[in-house]
Every structure is written in structure tokens, then in C-alpha cells.
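These are my notebook entries from a first look around. Come along and keep the model open beside you.

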Amino acid sequence: MIFLDQWISWLPALSPGLGVSLSLTGLCLLFGMPLGLLLALMLEGPVKPLRVVALVVVEVGRGAPALVLLYLLYFGLPEGGVTLSAFATGVISLSWTTGAYASELFRSGLAAVPAGQREAAITSGLRGWSGFRYIILPQAIRISTPPLASLGVTIFQTSSLAFVIAVPELMSKAYALGSITFEYLSVFALTSVLYGSITLVALAFVRLAEQRLSRHL
Amino acid sequence: MLAQIASGIGLTVVITGASLLIGALLGLPLVAARRSAWVPLRTLATAYIDIVRAIPPITWLFLIYFGLPQYALRLDSVSASIIGFSVIASAYMAETYRSGLLSIPQGQWEAATALGMKFLPRTRYVITPQAFKVTLPAIAAYAIALLKDSALASTIGVHEITYQAGLVSRATHQGLLAFSIAGLLYIAMSIPLALAARRVDRVLRQKLEVA
């Protein structure tokens, strides 16, 4: 198998890229998920200016392509006097995308908590924030967990876009390798195998976790 | 500036529209195979759908645009991106159809069969009209997702909205403004799509007299 020999010899060149892709994904989830929850709370909250701000952030984050957001921050931040590394720009931009999508998942989770829970919280004397914090939110997060995990897998795929702003992740390592060896088909096939296998394994775990979680419901 | 970025709308629409159409057509045999009673065919279709969706779109585009010419299949960037997005769309559309079909009660198939309807008329007159109504919002949502994904075609040199915005930002050093315009154009294009889908959905629901 000539293909396989090639692939094995290429793995050392690609694996640092895969590491960058994974850490990019990890950081985006680390920042994006709390951002999503915050945006969801702002959207559901009683303060109108906050609601408007959150609405704009979410609608732009979901409505504009992730690629355009990357370029927007990559070219836009230096214009505002902020100069960051490509990696940092990638983290900020993809966290925005993650947060925007996550906020909708948190919101649907909040909406799925039965109204009786809210009423019960009030009758037990847990009003306002404390009722929300101890009764509604834990249930909402539990409902939102499976779709949020799927979002995490999607974000791993989306991290490949950081290639366009010269983040040294898997896709850019693959492109560099292709332009050295001229074996584009083989290089990108290996890249597809790497992305595909990680995605499929991660999705299998998500499905397993989903079954575990729903067992008690 | 606006004029140059807006000049990319044509190609964005062409790539999104063509891929959606081809993907929608390819999705039909695919969903039939996915639901087939013959296990090897079903396994093959399931594997295709899962694998296509597991690979990032940009990797598909590069595989087709840079990889295929190695074996003498040279494609221009527009056809390469249409082929790439059609492959991706076919997998997503097949899943969309499948969820639509799953929402139709088994009794509808049984009733149509009991009336002596064969596969084609049964599909054409009983199942499809009902499935279409359920699936339409999901198709519209996917069309919007595909519209945004089409921005990736700029990475292989298709002169669509994002590519034009890149050109403008390099020429004028006003990247923030150029990509803000590009982003707003995508949002502006997806709004009519969402509204049209909602309208058609409502009309269809009235026509079929269901809630």
C-alpha cells in the first residue's frame, strides 16, 4: 500500500496541526459556552438594552458566515488598534460563533422546563434569581446538554476555517504539505480521514452520553 | 465599495442554488437507499451520509479542487465548489427527507397499499405531499446554512461575496467595513428566504387543511 506508507510518513507533519485544531476547539468551547449562557440570560432577562445587545450579537453570530466573522475580526481588530495573533483572533471569532449558536440551545432548554417548575419554585419561596438559579437553570442545562455536545463537534469542524487567517491548524498544515509534495489528493484524503474519524468517534460518545442522560428522565 | 462586494451576490446565489437543487435531487435516491430493506444498500447509504457530514466543507472543496486535477480531472473553481457543496447537500437533504418521512404515520403507507397503489403513485400522491409540508421548514433552514457555507468557495478563488470583500479590504485597507457589508449581505439574503419559507409553509398547511 503506497498510500498507507505515504500517510504514515506524513502524520508527524500533520499532528501538530491537529493539536492546534483541537486546542482551538477546546478554547472556543471554554469561552463560547459561558458566552452562550450569558447571551441566553440577557435575551430572556427583563432589561431591554441588554436584550437588544444580545439580540444583535446572536443574530450577527448566526446570520453571517463564520468565515466572514473570522475575516471581520482579523482585519477589523487591528483597525481598532488591537493587534492579536492569528490564533487569538481565531479563538475570539469562533467563540462568538459558538456563543451565538449555544445561546439558542440554552434558550430552547429554558423554554423546555415545564411552567409548573417555575410556579413550584415561587410557592416554595424561591423568587426571582434564586428560583431561577437553583430550580430552572439546572434543569435547562441538562436538557440542553446533548445538542450542546453536538455543537461542540460542529465547532471542531468549523475550526478548519481558521486556515484562512493563517492559524497553523490541520487544514493549513495539510495545504503546506500538499504544496511541497504535490500529492494534494492523498494529503487531503488523509486530512479528511483525520477530521472524519475524530468527528465520528466524538459523535458516538455524544450519542452514548445522550442515552445515559435520558435513562433517568 | 458596496457595488463591488454586491457584485459577488450573483455567484453566491448560483453556487447556493445549484448545490441545493442538485443536492435535493441526489438526496431522493439516497433517502430511498437509507430506508431500504436490503441491508448492504442501507449500510452503504448510512456510511455515505455519515462520512460526508463528518468531513468539514473546506476539506471537501480542497479535496475536489486541488486533489482531483492530480488524476487529470481539472475543474474550474465554480464547478468544483458546486460539486463539493452538492455532495454535502445531498447528505444533509437525505437526512432532512428522512426526518420528514419518519413523521408520517405508518398507517398512511398501509392505507395506500390497501387501496392497491404501487410504489410510485403511493410515493407521488400520498407520502410526498405530506412529507413535503413537514420538511419544508427544515429545507429552508438548510438552504440558509448552505448560503453561509458558500462563503467557503472564496478559499478556492470563486469571485463571490466574501472574495470580493477580501479584494476590497486589501485595496482600501478598510477590512472592518468591507466584511461588515459582506456579513450584512448574507443576513439580508437569508431573511427573504426565511420569510418565503414561512409563507409557503402557511399556504401549504391551509391547502392540506391540517393544523
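**Entry: a buried ring**

I started with F66(B), which is buried, at a relative accessible area of 18%. For my burial words, buried means under 20% relative accessible area, exposed over 50%, and partly exposed in between, with a 1.4 Å probe and protein chains only. Before going on I noted that this is a predicted model, where local features need pLDDT of at least 70, side-chain atom pairs count only at pLDDT 80 or more, and totals for chains, interfaces and linings use all residues. Residues are numbered from 1 along each chain as its sequence is written, chains are lettered from A and ligands numbered from 1 in the order in which they are written, and side-chain values use heavy atoms, with hydrogens and water left out.

**Entry: aromatic pairs**

Y175(A) sits in helix 7 of chain A and F66(B) in helix 4 of chain B, so the pair joins two chains. For the element names, helices (H or I, at least four residues) and strands (E, at least two) are DSSP runs, numbered from the N terminus. Y175(A) is partly exposed, at a relative accessible area of 28%.

Next I turned to Y92(B) and Y142(B), which form a stacked pair with 5.2 Å from centre to centre and 15° between the planes. Y92(B) belongs to helix 5 (residues 77-102) of chain B and Y142(B) to helix 7 (residues 119-149) of chain B, so the pair ties together parts that are 50 residues apart in sequence. I found Y92(B) partly exposed at 27% relative accessible area, while Y142(B) is buried at 10%.

I also followed ring pairs that link F163(A), Y175(A), Y184(A), F188(A), F62(B), Y65(B) and F66(B) into a cluster.

**Entry: a helix pair between the chains**

Axes are lines fitted to C-alpha atoms, for helices over the stretch in contact, and angles run from 0 to 180 degrees between N-to-C directions.

Which residues make the contact (heavy atoms within 4.5 Å)? From helix 8 of chain A I listed Y184(A), L185(A), F188(A), A189(A), T191(A), S192(A) and Y195(A), and from helix 4 of chain B T59(B), F62(B), L63(B), F66(B) and G67(B). By class, this contact has 8 nonpolar, 4 polar and no charged residues. Ala, Val, Leu, Ile, Met, Phe, Trp, Tyr, Cys and Pro count as nonpolar, Asp, Glu, Lys and Arg as charged, and the others, Gly among them, as polar.

**Entry: a helix pair within chain A**

Helix 2 (residues 48-63) and helix 4 (residues 86-112) of chain A pack at about 110°, with axes 8 Å apart. They are therefore roughly perpendicular to each other. In helix 2 of chain A, V57(A), V58(A), V60(A), G61(A) and R62(A) meet W96(A), T97(A), A100(A), Y101(A), S103(A) and E104(A) of helix 4 of chain A. I noted 6 nonpolar, 3 polar and 2 charged residues for this contact.

**Entry: positive phi**

A166(A) has a positive phi of about 65° although it is not a glycine. I located A166(A) in the loop between helix 6 (128-158) and helix 7 (170-181) of chain A, and found it exposed at 56% relative accessible area.

H173(B), also not a glycine, has a positive phi of about 60°. H173(B) lies in the loop between helix 8 (161-172) and helix 9 (175-208) of chain B. Is H173(B) buried or exposed? I read 66% relative accessibility, so H173(B) counts as exposed.

**Entry: chain A overall**

Chain A has 8 helices and 0 strands. Its C-alpha atoms fill a box of roughly 70 × 50 × 20 Å along the principal axes. Of the 217 residues in chain A, 45% are buried.

Terms used. Contact = heavy atoms within 4.5 Å. Phe/Tyr/Trp six-rings, centres within 6.5 Å; stacked < 30°, edge-to-face > 60°. Parallel < 35°, antiparallel > 145°, perpendicular 65-115°, else oblique.
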